[in-house]
Amino acid sequence: MIKTEPPVPASILPLDRRKLLKGGLLGAGLAAAPLSASGGLRGFTHGVASGEPGPSRVLLWTRYSADRETRLLWEISETASFAAPYAAGEVTASPANDGCVKPWADNLEPGRWYYFRFIAPDGSYSDIGRTRTLPEGPTARWKMAVFSCSNIGFGWFNAYAHAAETNQFDCVLHLGDYLYEYPQGTYPGERETILGRAPLDPQSETIALADYRARYAQYRSDPDLRRVHQLYPMIAGWDDHESSNDSWEGGAQNHQPETEGLWSVRKAAAMKAYREWMPVSDEPWAEYQVGDLATLFRLETRLSARSKQFDYNTLLRSNLPPEEAIARLEAFRDGDYLDPSREVLGMQQQAWLADGLKRSKASGTKWQVLVQQVLMGKLASATSITDTLPDNTPGYIRERVVAGALASRAELPLNMDAWDGYPAARARLFEAALAADANLISLAGDTHNAWAFDLAHEGAKVGVEFGGHSVTSPGLEGYLPQLPPEAVAGALIARNPELKWMNASKRGYMAIELTPGAVHCDYHFMHDVRSRNDAINPPHRVTAVLDARELTEPCTSDCDVIFG
């Protein structure tokens, strides 16, 4: 056991925002523009970003808006002065890609920080960005900020602001729900929406390519999101809201073909806009080697192969007697629920991951890390929650809580949209990890709450999962406001033996620190998201260790150790 310690500052180049960034913090033009006005700007409209880091290359991103194709020069340098650029090249910004460009900077040195910028034909400059290559060989430490679920209407992106200003990370991960597709007034509702943060372009749901592009333009106009992209390379993958709620290979809960057209057309539009606006390659899944310390496997769990989610509403009629409901759920549990043909990754991605886990462990890499979207840990509802619901609980909430309790009594999970809804697919992944003797770490988003799980399969330890809380999207405190969050967390921990810790009420991000003997996760909790500030509450640390004997200091009440 070890006590919670303040993070050690990263050894990276210092920043002086007054001198580093041309035209001030965000460059000329956008800083004074409202979030809904950015689509009409010309030139460099949305700053810079980088991603897909490797030991010798990184992908650079910017957007240059013009009426015709425009040739841009890019430069990458070891100094912010660009007196002697390390590398340079040209790339064409085209209206066909919404002005977004993604050149690769190759032949870089491993484990280095670089600055980069773009130059237009008229001599105007983009913002100056900063990026980092992955290390090679012996690596003592790597630290990542991990985000998910950033709904702009629910609040300010204070988690991005805090991660940027701490200046302590080597890269950032985004586990999905980078934006939300809903129309104005839906999620959040009008009363919940922060003034000036509503989705304004379009006000309707994002369905067509132009809709998705406009929504990205609004989100990427946020100064704190723009800032975190400017400072760190990002490894990112989509979840469902980048396309539509509860999406799967052949559809989505929030897609109605009769009024919104073919799902295949909408899915293609969502994927194209994502790959235009994000600093990502076009590969659906990928791996990243962090020296001898970790292999990161970015998974795709939504649109390539996922089978349609099971739905308790289709299994249970309203007012069904409890015993009949449980009998029906038990028959489902022993039948369709176990269907081995149901997929999350699909055969091709599953084979790639199984091979990658073996190669990583055989090479002597310490940790095998899954950068993915939805919880793997086993989670059932706590039946005791139904006993504590106040009499004034809205009917729709009571119905959902009761349905979860019935499922729990039948030994079924709470969330069929997570890996819990695909037990055969999860078993295949766990068996691959065990066959590789992997030191598995799963990172997940999606739920808006913070979780720490031990992962097990048929009595064997598989690894650990750190589930991240949201940047702004409300968690269980919004779903069950009548109950104290501590009571909800306590009930769920008591019900689920693999769940070691959770927080059911706060927004923020995870800070993952990889070392040869341990992985530390600091759950950072923002003080507030309804006003723009980077005030933060004390973090909670959870640590996964290869050998518990390496830990020599006791753990405090703000720290847990799992996988020891």
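Predicted model: local features only at pLDDT ≥ 70, side-chain atom pairs only at ≥ 80, totals over all residues.
1. Is D224 buried or exposed? D224 counts as buried because its relative accessibility is 7%, and the cut-off for that word is a value under 20%.

2. The surroundings of D224 can then be described residue by residue. Leaving aside residues up to four places away in sequence, D224 touches F157, Y160, A161 and R532. One of these neighbours, R532, also has a polar contact with D224, in which the two side chains are joined at 2.9 Å.

3. Turning to open spaces, the second largest pocket has a volume of about 340 Å³. Its lining is made up of 18 residues, and those closest to the centre of this pocket are K378, L379, E411, D420 and R426.

4. Which helix or strand gives the most to the lining of the second largest pocket? The answer is α12, which contributes 4 residues. Both α12, residues 423-435, and β18, residues 450-457, supply at least two residues each to this lining. Sorted by class, the lining of the second largest pocket consists of 10 nonpolar, 2 polar and 6 charged residues.

5. Rolling a probe the size of a water molecule over the atoms shows where empty space is left. In this model the count comes to 4 cavities of 30 Å³ or more.

6. The largest cavity has a volume of about 90 Å³. There are 13 residues in the lining of the largest cavity, and W238, Y274, E283, P284 and R298 are the ones that lie nearest its centre. By class, this lining holds 6 nonpolar, 3 polar and 4 charged residues.

7. For the second largest cavity, the volume is about 70 Å³. Of the 14 residues that line the second largest cavity, N151, Y182, Y187, P188 and P199 are the closest to its centre. How many residues of each class does this lining contain? The lining of the second largest cavity divides into 8 nonpolar, 5 polar and 1 charged.

8. A student who wants to check these points in the viewer could start from the side chains of D224 and R532, which are joined by the polar contact, and then look for K378, L379, E411, D420 and R426 around the centre of the second largest pocket.

Note on methods. Residues numbered from 1 in each chain as written. Heavy atoms only, no water. 1 Å grid on protein atoms, 1.4 Å probe; cavity = no way out; pocket = protein on both sides within 12 Å on 5 of 7 lines; lining within 4 Å. Points joined across faces, edges and corners; volume = space filled by probe spheres on them. Nonpolar A, V, L, I, M, F, W, Y, C, P; charged D, E, K, R; others polar. Buried < 20%, exposed > 50% of the residue type's maximum accessible area, 1.4 Å probe, protein only. Polar contact = N/O pair within 3.5 Å; in protein donor to acceptor, adjacent residues only side chain to side chain. Contact = heavy atoms within 4.5 Å.
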